[in-house]
Amino acid sequence: MMDINRETYIEAAPERFAAECLRLHKRLDSAVMTYFAEDLRKELGIFRLYCVFLDKEKKAWTVVRTGLPGADARMTSLSKEMFSAGLFEREMGEMFGIKFEESPDTRRLSLHDEVWPKGYYPLRKDFSPDDAARAAPEGDYCFNRVDGEGIFEVPVGPVHAGIIGPGHFRFSAAGEPVINLETRLGFTHRGVEKLFETMDADNAVSFSEKVSGDSAFSYSCAFCRGIESIYGLEVPLRASIIRAIFIELERMYNHANDIGGMAVDVGFGYPNALASTVKEDLLALNRMLTGSRYLKGVNRIGGVNADISGEMKPLLLDSVLRAREIMNELNGILHSSVSFMDRVDGTGILKKKTAADLGVTGLAARASGIRCDLREIFDGQVYGACRFKPAVQEEGDVLARLNVRFDEFEASVGMINKMAEMLDKAGKSGLKAEYIPKAGAAIGSIEAWRGPVIIWVRTDPSGRIERCKITDPSFKNWQGLCFSVLGNIIPDFPLCNKSFDLSYPGNDL
Amino acid sequence: MKYLLVALQIVVLIAVSPFITGLIKKIKNFIRLRKGPGVFQPYYDLAKLAGKEEVISRDTSWIFAFAPYAVIGSVTAALLLVPAFGPGISLNRAGDLIAMIFILAFGRFFMALAGLDAGSAFGGMGSSREMFISSLVEPVALLSVFAVSLNCGSTDAQAVASYGTFRFSTLVATGALFAVTIAETSRIPVDNRETHLELTMIHEAMVLEYSGRSLALIELASHIKQVLFFSVIAAVAVPFGNYAVKMLVIAAAVAALEVSMAKMRLFRVVDMMSFSFVLSVIAVVISAMGY
């Protein structure tokens, strides 16, 4: 029995591609989970497009695939029918130079016009950084404008007063209420996907941990799963359980951090102090278990380096139970504080329909009433045994996102207990160290604390990475944030923002 | 002799004012299980700022340069009217409690203009919010001062301070004055001095463009303003007991309030201030009835 994601590829002719995607979108009731291109001009003379949907019933990924002529790559835009495809098309436009016809928005995302010259597409195989460095950039970014009497714009960032990632927010406001919010991200674009193409799968595991630091373990886990799926490696049960435990520990420390952050964003100091003790205890626990506070260096292709031995188990269980105690106290404090509830209840509502249309995923989607959690779909072996149920809230406001975090924290503690029991019967070895590299392509995915991290990877026969597409839950959820703040007042934005707590590096890549 | 005492009082109060801020911070951090900076940190901050180069936007006018002096001038002048160390030690001939409130309005007026002056979005946002809050706070301040004045038949700070009998209306008016103090000193739940979130700021957003010596002046002015409002409660509204002890009690109360609740949503401040307004009206009414 293997914990490897299943995927079905459907080949479509370019002119049938849009229709096929739309059909799947409707039939599977799935937003575009990821949508990307691959440069195969040298081998086949084409760009290949992949549009990925999630089939919840069959518990599988459904991928629609097509080839576009390398000389003149154009495709009908899907984003008019499926809004969730829009950002991916903009990304492919700037990275591969593929034209999406009739697209409502063709502006670049991460390669800012002020610094990046036109006509240089970094994810093409024949891209030369030196030429791009010599060319002169031109043009300016054009924000969506709201006109009308009394409307003014508030530009915020990319440099902020706190120590957070860089992002630019352009508010159009009438007095305090926000009429429109547009984000401009990409300031931490490092060329992650291109850098993957210079690596062997073995080396790339540690690199994958650095994509988004607060999800280091989830990223390396998703990446390893992708490679394992290509190599046909069956991961030992012990490794699957240990991975699941660490995924939950990562979730717990991040949820504690966010709950504290939401309190501090409304100036509520004491709960934040409590939450930071929880986070610190969990990070210290991570260090005791693995030698790394952020669980780096644990995952390897074929399993895990770290083990949770018999003597470590009491430490693990004591720590999570203590964390649960403090979180319960914190939950009580926050829910009984009138001033705090007044701030979070009904603030920053993301409607279910909007969330579904935008393709919002993960925690934010569950807070808006969309029941979707990859743990329920793919990880039956471990999570099924723990009787996992996704935490869902209906309201879609800041309070709902807070409660989802509390519920998931609670569930994680319960599941870690159960998983620790399962470890006893799960064999000795957590690592299958022997494998033969193979050529192939596969999706590795995991429900990280923010939402699904999806990594599609292709290797050549020696295990070198040919293409690695990373999809962070933040990528689509940033749009969700933009819609959730509409009609709220500007001073409530930081709170809404924290309730999503999206990643800059994961989005910018 | 009196003028010497007044001069001594103002020098001591200004010298002590950053300490009060540091103390409140220390208490807050203690409750939050943190060590935090020492109580003298505000002094170091002022010294640091005073020694720094000042950056002034090319687009500003004379108002931007003048506003810090207007602010520190107005709070100092207002402080001269408060008999903090005992009845008799204030410039009571120069103005009464009503004058004090309007002298403060002068400084605020220039501060709000300066916020707009540089033309940045935050400054304008801060100024607009500050004026919004102050339009709610000033009536409450005036009415609660009226209530305590009615008790002794004079709006003169010295007369109020030396009025020895405790009356129920004083208590109610002090409640309203405390709300005013919270708002005027940019404390939670109205504003948050410690926040790094530029979008939620009120006072801090307005002074975001300032740096160096001007910022030091503005910071010092807000320390003094805090002492001023604490003193109004400690020396004028409740003229019993030891002044220093009362100041510490107020500081502790402010600190405890700050950690024990979240900041209000901006428009909720209306509710809080209208509640305080009602409180001050009640104070006036029961004072007129003789309680």
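The structure is a predicted model, in which local features require pLDDT of at least 70 and side-chain atom pairs count only at pLDDT 80 or more, while totals for chains, interfaces and linings use all residues. Residues are numbered from 1 along each chain as its sequence is written, chains are lettered from A and ligands numbered from 1 in the order in which they are written, and side-chain values use heavy atoms, with hydrogens and water left out.

The size of an interface is often given as the accessible area lost when the parts come together. Here chain A and chain B bury about 2400 Å² between them, 62% of it on carbon and sulfur atoms; buried area is the accessible area (1.4 Å probe) that two parts lose on being put together, summed over both. In terms of residues, 31 of chain A are in contact with 26 of chain B, where contact means heavy atoms within 4.5 Å.

Between the two chains there are 10 residue pairs in polar contact, both residues being at pLDDT 80 or more. A polar contact is a pair of N or O atoms within 3.5 Å; within protein, one must be able to donate a hydrogen and the other to accept it, and residues adjacent in sequence count only if both atoms are side-chain atoms. The elements that give two or more residues to the side of chain A that touches chain B are β7 (151-156), α8 (269-290), α10 (338-344) and α17 (493-500) of chain A. Helices (H or I, at least four residues) and strands (E, at least two) are DSSP runs, numbered from the N terminus. With 5 residues, α8(A) gives the most to this side. Its composition by class is 16 nonpolar, 8 polar and 7 charged residues, counting Ala, Val, Leu, Ile, Met, Phe, Trp, Tyr, Cys and Pro as nonpolar, Asp, Glu, Lys and Arg as charged, and the others, Gly among them, as polar.

The count of salt bridges between chain A and chain B is 3, a salt bridge being a side-chain nitrogen of Lys or Arg within 4 Å of a carboxyl oxygen of Asp or Glu. D342(A) forms one with R268(B), the closest N and O atoms being 2.7 Å apart.

Strand β7(A) also belongs to an open sheet of 3 strands in the order β7-β8-β9 (chain A), with antiparallel pairing; two strands pair if DSSP finds at least two bridges between them. Its edge strands are β7 and β9 (178-184) of chain A. Strand β8 (residues 168-174) of chain A is joined to β9(A) by 6 bridges, and F169(A) has T183(A) as its bridge partner in β9(A). A salt bridge (3.0 Å, N to O) connects the side chains of R170(A) and E153(A), which lie in β8 and β7 of chain A, 17 residues apart.

A second open sheet has 4 strands in the order β1-β4-β3-β2 (chain A), with mixed pairing. Its edge strands are β1 (7-11) and β2 (34-40) of chain A. β1(A) pairs in the parallel sense with β4 (residues 60-69) of chain A over 5 bridges, and E11(A) stands opposite R65(A) in β4(A).

Two local backbone features remain. K59(A), in the loop between β3 and β4 of chain A, has a positive phi of about 55 degrees although it is not a glycine. In chain B, the peptide bond from I188(B) to P189(B) is cis, with omega near 15 degrees.
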